[in-house]
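Subject: Structure handover and notes

Dear colleague,

Here is the structure that I am handing over to you, and my notes follow below it. Please read them alongside the coordinates.

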Amino acid sequence: MASPEIEALTQAFARLPGLGPRSARRAVLHLIKKREAAMGPLLRALEAVNERLSTCGTCGNVDTSDPCAICADPRRDARLLCVVEEVADLWALERSRLFPGRFHVLGGRLSALEGVRPEDLAIDTLVSRIAAGGTDEVVLAMNATLEGQTTAHYIADRLEGYPIRLTQLAHGLPVGGELDYLDEGTLAQALRARRPVA
């Protein structure tokens, strides 16, 4: 049996997505065996992120600066705005390196069953960004779930009166799929085949 401290570390790892109790034990054993090469750098990285972590006041991304690196990048096309449900979706799209614009993170999706209402999401902030001008196209990159599509339709209704081109990702995405789990090829095809919202 491990000491209470090692057991607490294992339980902390087990609470991470994708790691069960056995994977957590293997990760902890690896850190213990490679203490100098693995544990020290991990601790320093965790401390650095913990001290500097912030949410971007512009788009809702999580970064170590505000505004985030994407919003502060002058090479990004400010006329293109991609709306996503969660930060994980933003990061998935960024991995594809195919979207040259900026992002807006809603912080979830509408769900009557879970009690998530429009005012619980950053929809009003999105409308304010569009009302301020300078945006030509808004890409609705919602997950291909019932809640994601409901959210997309709600946003489309809210943005109806603005002089923007409103598009959404192509429906080649798997039904029930989430952006964070898709490969770059699928994301690339979906971005290229985006179309106006009916």
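Arg97 is exposed, with a relative accessible area of 76%, where exposed means over 50%, buried means under 20% and partly exposed is in between, computed with a 1.4 Å probe on protein chains only. Arg97 lies in the loop between helix 5 and strand 4, and its phi is near 55°, a positive value in a residue other than glycine. Most residues other than glycine have a negative phi, and most peptide bonds are trans. Helices (H or I, at least four residues) and strands (E, at least two) are DSSP runs, numbered from the N terminus.

Please keep in mind that this is a predicted model, in which local features need pLDDT of at least 70 and side-chain atom pairs count only at pLDDT 80 or more, while totals for chains, interfaces and linings use all residues. Residues are numbered from 1 along each chain as its sequence is written, and side-chain values use heavy atoms, with hydrogens and water left out.

As for the overall picture, the protein chain has eight helices and seven strands, and its C-alpha trace spans about 65 × 35 × 35 Å along the principal axes. Of the 198 residues of the protein chain, 38% count as buried. Among contacts (heavy atoms within 4.5 Å) between residues at least 6 apart in sequence, 56% join residues at least 24 apart.

Next come the helices 5 and 8. Two packed helices are described by the angle between their axes and the distance between the axes. The axes of helix 5 and helix 8 come within 9 Å and cross at roughly 90°, these axes being lines fitted to C-alpha atoms, for helices over the stretch in contact, with angles that run from 0 to 180 degrees between N-to-C directions. Helix 5 and helix 8 are therefore roughly perpendicular to each other, a term that covers 65 to 115 degrees, whereas angles under 35 count as roughly parallel, over 145 as roughly antiparallel and the rest as oblique. On the side of helix 5, Ala92, Leu93, Arg95 and Ser96 meet Glu184, Leu187 and Leu191 of helix 8. By class, this contact has four nonpolar, one polar and two charged residues, where Ala, Val, Leu, Ile, Met, Phe, Trp, Tyr, Cys and Pro count as nonpolar, Asp, Glu, Lys and Arg as charged, and the others, Gly among them, as polar.

Arg95 also takes part in a network of salt bridges that links it with Asp180 and Glu184, a salt bridge being a side-chain nitrogen of Lys or Arg within 4 Å of a carboxyl oxygen of Asp or Glu. By this rule the count comes to 11 salt bridges. The one between Asp180 and Arg95 has an N to O distance of 3.8 Å, and this pair links distant parts of the chain, with Asp180 in the loop between strand 6 (165-168) and helix 8 (184-192) and Arg95 in helix 5 (residues 87-96), 85 residues apart. Asp180 is partly exposed at 30% relative accessible area, and Arg95 is partly exposed at 41%.

A further salt bridge joins the side chains of Arg158 and Asp124 (2.8 Å, N to O). This pair, too, links distant parts of the chain, with Arg158 in helix 7 (residues 146-158) and Asp124 in helix 6 (residues 123-131), 34 residues apart. Arg158 is partly exposed at 30%, and Asp124 is partly exposed at 45%.

Which residues of helix 6 are buried? They are Ile123, Leu126, Val127, Arg129 and Ile130. Seen down the axis of helix 6, these buried residues fall within an arc of 155°, so they line one face of the helix; the arc is that of the directions from the helix axis to the C-beta atoms. What covers them includes strand 3 (77-84), strand 4 (101-105), strand 5 (137-140) and helix 7. Just after helix 6, Gly133 takes a positive phi of about 90°.

Finally, Ala144 is found in the loop between strand 5 and helix 7 and is buried, with a relative accessible area of 13%. Ala144 and Val175 are 31 residues apart in sequence and 5.2 Å apart in space, C-alpha to C-alpha.
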